[in-house]
Amino acid sequence: MARAADNGIDVFRIFDAMNDIRNMKTAIEAALKTGKLVEGTVCYTISPVHSADYFLRVAEKLADMGVQIICLKDMAGMLAPYAAYEIIKKIKSRITLPLHLHSHCTAGLAPMSYMMAIEAGVDILDTAIAPFSREPRSRPPNNWLPRSRTRRTIPAWISPSSVRLPTTSIACGATHAEYESPVNNQVKTDVLTSQIPGGMLSNLVAQLRQQNAEDKLDAVLAEMPRVRQDLGYPPLVTPTSQIVGSQAALNVMTGKRYSVVAMETRNYVMGLYGEPPGPVSDEMKAKILGKRNRSPAGRPIC
């Protein structure tokens, strides 16, 4: 972080897949020492144990650690408009720091959610220049924002004339075919069930293709929410998206759930990645860990 700051990085966005503040403490302290801006990040997800109050509690803990900006990170594009309004309104009512929203167009919700976020008082929105926006896993395009109007006043510096972008001169010709699949190029509302981020979906397609098993993609996507439930509903972002996705693929490919358990899944249940948002059942611990029931790092079993 010190070298990155010296070489021109001005903002450090720090997140943890489990929203476990302990995992962010060292990185936040290191980033603050550089004198640059530090964004404490709350990873958004949908589950029985996640609520607007849950996200507020994480944001409050981050604010107490001294970050200068709070970021709500919707890595899979699942944040619905009224959920965005409720969460942002609640955070803004309790925390005076600027609030930054990051979302993707995977489920087609992001532009609508951004409008409701503006209504709720969001301070910063992540967008992409038009040729690289939507697609649908990217961010909303930034050239629509100045022309949008809501009951909340759009800052004067955001105007159509101020957004001068090379939208017509950039050609998105080359594609990464090995990472693409027909399912990747559509608005995918089933991400609200699988919750898999766009980047992980591309990797999963490539992995299955290497095994000549791309036809099993739908089965793997259907298995992912079951694995996620087994593991206490972690938000699916690096590295938990890979952990859940790989274990779901193993469950489908072997035909018997958890007959083969990845090392990362074991480490997760041993608490090495942090505290899950929800409990992991004793039955699942026994199935995944077997006789290995002690964390080598000193953290308690999940």
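D230 is buried, with a relative accessible area of 15%, where buried means under 20% relative accessible area, exposed over 50% and partly exposed in between (1.4 Å probe, protein chains only). This is a predicted model, in which local features need pLDDT of at least 70 and side-chain atom pairs count only at pLDDT 80 or more, while totals for chains, interfaces and linings use all residues. Residues are numbered from 1 along each chain as its sequence is written, and side-chain values use heavy atoms, with hydrogens and water left out.

D230 is found in helix α8, helices being DSSP runs (H or I, at least four residues) numbered from the N terminus. Leaving aside residues up to four places away in sequence, D230 touches R257, Y258, V280 and M284, contact meaning heavy atoms within 4.5 Å. Other buried residues of α8 include L217, L221, M224 and V227.

The 14 residues of α8 (residues 217-230) should span 20 Å at 1.5 Å a residue, which agrees with end C-alpha atoms 20 Å apart; the expected span is 1.5 Å times one less than the number of residues. At M224 the helix α8 bends by about 25 degrees, and the proline P225 follows within four residues; the bend is the angle between axes fitted to the seven residues ending there and the seven starting there. After α8 comes G232, with a positive phi near 85 degrees.

Elsewhere, helix α3 (residues 52-64) packs against helix α4 (residues 81-94) at an angle of about 40 degrees, with their axes 9 Å apart. Among the residues in contact are F55 and L56 in α3, and I87 and I91 in α4.

Note on methods. Helices (H or I, at least four residues) and strands (E, at least two) are DSSP runs, numbered from the N terminus. Axes are lines fitted to C-alpha atoms, for helices over the stretch in contact, and angles run from 0 to 180 degrees between N-to-C directions.
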